[in-house]
Amino acid sequence: MSKHSVKNRSSNASKNKKPIKFEVLQAPQKSERDLKEYKVIKLENGLTACLISDVLQEAAGDNESSDEDYGDTDSDCETESDEELEEEEDEAVCSGDEEDCMKKVSEAKQKMAATALCIGVGSFSDPKEVPGMAHFLEHMVFMGSEKYPKENDFDKFITKRGGSDNASTDCETTTFYFECLEKYLEKSLDKFAQFFVSPLLKKTSMTREREAIDSEFQMAIPSDSYRKEQLLTSFFNPSVPVNQFSWGNLITLKDNVDDDKLYKALHEFRKRHYSAHRMTLCIQARLPMETLQNFVMEYFSNVPSNQLLPDNFKQYSDKIYDTEMFNKIYYIIPMKNVVQVDLIWALPSLLHLYKSKPHQYISWLLGDEGKGSLMSYLRKKVWAMAIYTGNGETGSEHNSMYAYFTINLVLTEKGLEHFEELVTAVFAYINLLRKVGPQERIFKEIQTVEQTSFTFADEKLACDMVESVSENMQFYPSTDYLTGSELYFEYKPDDIQMVLNYLRPDKMNVMVMSNNMPAEIHCDQEEPWFKTQFAEKDIPNKWLETWTNVEPYPEFSLPSPNRFLTTNFSLLPKTGTNPEYPVKVLDNSKVELWYKVDEKFDTPTAFYFYNLISPIAMESPTNATMMDMFISLLTMQITEEAYPAQVADLQYTFSVSDKGMSIKMNGFDEKLPILLELITEYLVRVAENMTVEMFNAVKQSMIMIYHNKYLKPSNLNKDMRLSLLLSLYWTSLEKREAVDKVDFDMMKTFAKSFLKNLYIQALIQGNVTEKVAVEATQKLIETIGYDVIMPSTYPKIRVVEMPKEEHCLRVMSFNPEDCNSYVTNYYQSGPFSVKNSVIIDLIMMIIEEPLFDVLRTKEQLGYNVFCALRDTFGILGFSITVNTQATKHTTGHIDGRIEAFCKHVQKLLKKMTDKKFNQFKRDLIKVKQCSDTLLKEEVSRHWNEIISRDYMFNRVKLEIKAIEELKASEMKKFWEEHCTHGNRNNLKKLTIQVIGHKSKETAVAPTPNNYNLNLISDLKEWKELPNEDYYIRNIEQFKHNLYLYPSKSSQNVH
């Protein structure tokens, strides 16, 4: 490393400041295709920063970044009002004619800049008496600094300028991050850095942030994965000083501690742990490296450092799970309808073995789904539907104390009945790995796949990049910031053998989740935080003996060499005449194929997208259910043969679309046509390959899926909204009722009938020739051998025009243990026009920050608060959503507060100056012009145009033109007409309210023969109803006499 001492040349640096000393560390190893420049510096206070300048990357394309746009805001003007600052920024953006300025902005492609700061402290360090302290401090930090004392000042600044910010607390790290338009990076960094230089942490902010944390916790309670994680944490050795409840809630942050003590502990925790020498910073922007370096020195050199050592959790590595509670079977009652088994081992920390990644080598083999694999065996037995192995590399799974190794199996009911035999099969495969030992061939294949993936990886979004790098900086040397978590550097068979030696039955924890436990199991214990019901049992010695001594099954073998591995990574020659948008190269009554060769992203990859439209797919709830089952059956049947393709980075997905199903493939282009042939062969043989056992397993899986969907308030809310708005939409409740009627013969008939009459929409884009694209598609058509769809039977989805005024659909949630209520106020506008869509876009941009500030921060109505433009099959609208808790607020109160906010917005828009309005326009244009970082982003936009049949490939250009021409009076008039507090000329409001449960007794759970909604109309809360038919008491009756907008080919439903 080299040492430097330079003057800060930042545009806002004082000329008389002393030189700031820093060290330059070795730069990270990067892919040869990565044109970004990297530099790592360490400041005198110990803060380490990784600077990412993608000026070279931009120079390789058509975008240019001017340094003139940066550093125009004066860091010494913090005493001025926000309004004055914004006006100065407006001047900096445009000092000439407004119209000329708008055109200049719209001509330049934009890209987000991003910053993340990670601190080496997390929930493990919480004081025992205040669980949730690290999470609480993460929230409180955002509540202002000495330099910028206003609460939510930073969030307001960022969101008003098209950006976003967030933070997360893990077990040993806390990460803060934001993205913004590059012009505002310097001012954003100044505000951001102050959180760590001199945060206020006001006592008056504690009440609101405690409520936010409690709401976040209440939202997590229904999650079975979080419940499982918390139960596992409760097995920690109680003598180890490690926090066992990371979330925090009103009990830990209010009931169990007085405000004075909490306030003092909060400040002590920050002073102890939020020290510069434990901070890692990453910044990415299209700016020269020197500029980024100066920003860091200017704004982060004053972050205080105490030089105290962090908590040493490594010393507890052999004690944390040295407890009888771990090595047992736990039977758990889940919130959802699931059948799962987790086999969990707690290994010593493996962080130092990142170069050999022994646990990932074993996970690769145990998680294999190809021929000779454990999953292939279990799937043929119809015991399991899915397998997940290893760990997610999160702080709760892999840290300085321990590393979990988990085998998670999603079972069928039959699999649970054969539990002992199923686990025996798992150990038969583990014992195969012991018997054959580590295999260098396998390791080298993994190494090759991961190296190839790294070399040709899609460029990450800047916000994702800085977040992951800042966290990696806590664990790896500077040379490995980019590669440490991705590559396999060295083959260490002893490391692999060490991990294998830990995978013993007597060292294992078992978790069984099911709503149908064996009769002898009584889940009479309760985890104190999530209230998870469970039973604890010793693992029978007979089972342990069987699992220990089982020999490898003859059906098991290691994976064969992978035929899907790409060997040709060459790029097609550039023509210089490539059209800007896809071109239709096949067009007849059976198919439309759109094609575009990629000459922008220079990657040897391609995307093959197909949408199979059928007249029968969605004609009834029963058919919609069988469409879902068809997808599951196809997935189940093809996995063994297609799994090697996924390993080779060729991805495929099957999903139900609005009028049929979609097939999507992407990856290295060389072998994609082979994969498409394989998929097509299995597609036409679904009925032929289906067995009764397979059908029963898929049917049972669908029952669980539908049940779990309507249990979640947000899903039920969406179902209710779309059921009211669409002429053809089947809810998860309707499909749950229908699935009971589906039998084997019906499914077989449907699988054949679905493929008889089709219309296929297709897009092939990337490093692929037109000839290959056309031939691959023609082969698919020939193999399926379908007939055309008659025009009279082509599926149509129409949207209901909501009647004027206000209407409410209020329904009880189905989950008796979920207190979450979900309120969405939807305001329908009318048929799509570019002008109206950008008006709504602009309004959503304007209200996003005040909505968060008023409804979440100030009024504490809920943790999840947001607004959104809605384009529902070509009918525009917008919505405001609040996720609250029934224990805190009624849904009627939430609706009232949303309306009060809308009244506030009306005043805000009326007062808005032309200067501010034009600034919002410029920022929206910049957001629209953010250049695609990934080929898949461009492909996704093109695909949406095709499946909607809008074919408006130049949509962004049209939107920018409409924004340029938009007048403030037009925006204000739109809001006035659609708002309850305006002239109500076009007010068509629908409030969907899903009510959570204050107690279990209020729940009305669906029975096998009754899936009726519990619709509620509470007349007591109104002095006078907004209108006579305000409450919707029957959805079909309500829709019956309403006008349907003319049929339009659909946009995807948002």
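Visitor: In which sense do strand 11 and strand 12 pair, parallel or antiparallel?
Guide: Happy to start there, with the reminder that this is a predicted model. Strand 11 covers residues 384-390, and six bridges link strand 11 to strand 12. Within this pair, alanine 384 lies opposite leucine 411 of strand 12. The sense of the pairing is antiparallel.

Visitor: How many bridges join strand 10 to strand 12?
Guide: Strand 10 spans residues 340-348 and runs antiparallel to strand 12. Leucine 347 faces alanine 403 of strand 12. The number of bridges joining strand 10 to strand 12 is nine.

Visitor: How many of the ten residues of strand 12 are buried?
Guide: Strand 12 takes in residues 402-411 and is mostly covered. Buried here stands for a relative accessible area under 20%. The count of buried residues in strand 12 is nine.

Visitor: Is lysine 596 buried or exposed?
Guide: Lysine 596 belongs to strand 17, residues 591-597. Its contacts, leaving out residues up to four places away in sequence, include Tyr581, Ile764, Glu938 and His942. The relative accessible area of lysine 596 is 8%, and the cut-off is under 20%, so lysine 596 counts as buried.

Visitor: Is helix 28 roughly parallel or roughly perpendicular to helix 33?
Guide: A packed pair of helices is described by the angle and the distance between the two axes. For helix 28 (residues 834-858) and helix 33 (residues 968-978), the axes come within 10 Å and cross at roughly 85°. Angles of 65 to 115 degrees fall in one class, so helix 28 is, relative to helix 33, roughly perpendicular.

Visitor: How many nonpolar residues does the contact of helix 28 with helix 33 have?
Guide: On helix 28 the contact residues include Ile839, Ile840, Leu842, Ile843 and Ile846, while helix 33 brings Glu970, Met971, Phe974 and Trp975. One residue of the contact is polar and two are charged. The nonpolar residues number eight.

Visitor: Which residues does serine 198 touch, not counting residues up to four places away in sequence?
Guide: Serine 198 sits in the loop between helix 6 (185-197) and helix 7 (203-220). Serine 198 is buried, with a relative accessible area of 12%. Beyond its sequence neighbours up to four places away, the residues touched by serine 198 are Ser145 and Glu146.

Visitor: Which feature does UniProt place at residues 454-737?
Guide: Over this stretch the chain is 40% helix and 18% strand, with its end C-alpha atoms 46 Å apart. The UniProt entry is unreviewed, and the feature it gives there is "domain: Peptidase M16 middle/third".

Notes. Residues are numbered from 1 along each chain as its sequence is written. This is a predicted model: local features need pLDDT of at least 70, side-chain atom pairs count only at pLDDT 80 or more; totals for chains, interfaces and linings use all residues. Side-chain values use heavy atoms; hydrogens and water are left out. UniProt positions are given in the numbering used here, feature names are shortened, and annotations may be inferred rather than shown by experiment. Helices (H or I, at least four residues) and strands (E, at least two) are DSSP runs, numbered from the N terminus. Buried means under 20% relative accessible area, exposed over 50%, partly exposed in between (1.4 Å probe, protein chains only). Two strands pair if DSSP finds at least two bridges between them. Contact means heavy atoms within 4.5 Å. Axes are lines fitted to C-alpha atoms, for helices over the stretch in contact, and angles run from 0 to 180 degrees between N-to-C directions. Angles under 35 degrees count as roughly parallel, over 145 as roughly antiparallel, 65 to 115 as roughly perpendicular and the rest as oblique. Ala, Val, Leu, Ile, Met, Phe, Trp, Tyr, Cys and Pro count as nonpolar, Asp, Glu, Lys and Arg as charged, and the others, Gly among them, as polar.
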